[in-house]
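I opened the model to look up its strands, helices and packing. My entries follow.

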Amino acid sequence: MKVIFRYKVTHVKTSKVSYFKNSEQLGNMLRIGRSKAVKLAKNGDVFNFFKLEELHDTITIDVPKKDELVTIEGVECRVINVYDRTFSVKTADGNRLVKIDSMSFVDSRNDIHDRTMMLKRKSF
């Protein structure tokens, strides 16, 4: 399965980058209407410390399938389940969430119990 992203949002202070598939997701993240979000993205404006960009060449990311082996941040993982913008993996330390757009772990905590409980809440 492939995910195509059309919008890029960069936090001005932290330089953290996020990608969005459509204008609805972009508007929800910024808590503004879709049309205003698209207008800001086309102009490349900054809104609430976020620099918005519309990608002319869309970014396509291959989402791993269930039970597939992947390497994330140098760690061998097996995919447990795939969600909308994240997927869960099983590592030697326990279960962890991975963001699809950056292909990095969501949390950096070492407590296995907290990560497993977060995954259970997400799938519930």
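I count two strands as paired if DSSP finds at least two bridges between them. Helices (H or I, at least four residues) and strands (E, at least two) are DSSP runs, numbered from the N terminus. The model is predicted, so I note that local features need pLDDT of at least 70, side-chain atom pairs count only at pLDDT 80 or more, and totals for chains, interfaces and linings use all residues. Residues are numbered from 1 along each chain as its sequence is written, and side-chain values use heavy atoms, with hydrogens and water left out.

**Entry 1: the sheet.** I looked up the strand order. Four strands form an open sheet, S2-S1-S4-S3, with antiparallel pairing. S2 and S3 (46–47) are the edge strands; each has a single partner strand, so one side of each lacks a neighbour in the sheet.

**Entry 2: S1 and its partners.** I went through the bridges. S1 (residues 2–11) runs antiparallel to S4 (residues 50–62), and nine bridges join them. Lys2 has Asp62 as its bridge partner in S4. Thr10 stands opposite Lys51 in S4. On S2 (residues 17–20), S1 pairs over four bridges, again antiparallel. Which residue of S2 is the bridge partner of Lys8? I found Tyr19. The hairpin of S1 and S2 has five residues between the strands, and there Ser15 takes a positive phi near 60°.

**Entry 3: the two helices.** I took axes as lines fitted to C-alpha atoms, for helices over the stretch in contact, with angles from 0 to 180 degrees between N-to-C directions. How do H1 (residues 23–30) and H2 (residues 34–43) cross? Their axes come within 8 Å and cross at roughly 95°. H1 is therefore roughly perpendicular to H2 (65 to 115 degrees; under 35 is roughly parallel, over 145 roughly antiparallel, the rest oblique). For contacts I used heavy atoms within 4.5 Å. Ser23, Glu24, Leu26 and Gly27 in H1 meet Arg34, Ala37, Val38 and Ala41 in H2.

**Entry 4: the whole chain.** From the N terminus on, the elements run β-β-α-α-β-β-β-β-β-β-β-α. Of the 124 residues, 40% are buried (under 20% relative accessible area; exposed is over 50%, partly exposed in between; 1.4 Å probe, protein chains only). Among contacts between residues at least 6 apart in sequence, 37% join residues at least 24 apart.
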